[in-house]
Amino acid sequence: MPPILVRPLPTPTPPGPVQQIVTADLRVSYDANDNSAADPGEGVVGLPVRVYDDVTGALLAQGFTDDSGRAVVSVAAAGPIRVVVPYLSFETTVPSGGATIPVLISPRDLPDQIP
């Protein structure tokens with residue numbers, strides 16, 4: 001009996017969405033002197049930052065703000081991404097071209113007593 005020779009036929013794989021690198025440059029500052037600007041020394045350190053695919057909702061990256069309150073994230077995505085700072089209930093959509101995201105926290109008077 002002759003051997004059976006099986007050859008796989010080439011099957012085209014449909015192309016997925018074209019991905020590109022999307023960069024989000026986030027800076028979170030506490031405006032201690034209430035001048036509506038992010039000054040040196042006002043960066044908020046250690047805030048968690050998450051980046052999601054805006055279309056699928058998939059988590060693409062996560063990290064924390066550094067000593068100057070910055071978190072720069074570059075991820076591969078097929079479209080816009082969503083940057084979330086959960087502690088501040090802040091989120092924004094970054095287009096595929098990338099963006100700089102300033103977040104300025106205004107000073108607030110604290111109550112004399114906390115109940």
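Good morning. I begin with Arg82 and Glu91, which form a salt bridge whose closest N and O atoms are 4.0 Å apart; the term denotes a side-chain nitrogen of Lys or Arg within 4 Å of a carboxyl oxygen of Asp or Glu. This is a predicted model, in which local features need pLDDT of at least 70 and side-chain atom pairs count only at pLDDT 80 or more, while totals for chains, interfaces and linings use all residues. Residues are numbered from 1 along each chain as its sequence is written, and side-chain values use heavy atoms, without hydrogens and water.

Arg82 also forms a salt bridge with Asp54, at 3.6 Å between the closest N and O atoms. Asp54 lies in the loop between E2 and strand E3 (59-64), and Arg82 in strand E5, 28 residues apart.

Asp25 is buried, at 18% relative accessible area, and Arg70 is partly exposed, at 33%; buried means under 20%, exposed over 50% and partly exposed in between, with a 1.4 Å probe and protein chains only.

I turn to the sheet. Three strands form an open, mixed sheet in the order E4-E1-E7, with E4 (70-77) and E7 (99-105) as its edge strands. Strands here are DSSP runs of E, at least two residues long, and two of them pair if DSSP finds at least two bridges between them.

Key. Helices (H or I, at least four residues) and strands (E, at least two) are DSSP runs, numbered from the N terminus.
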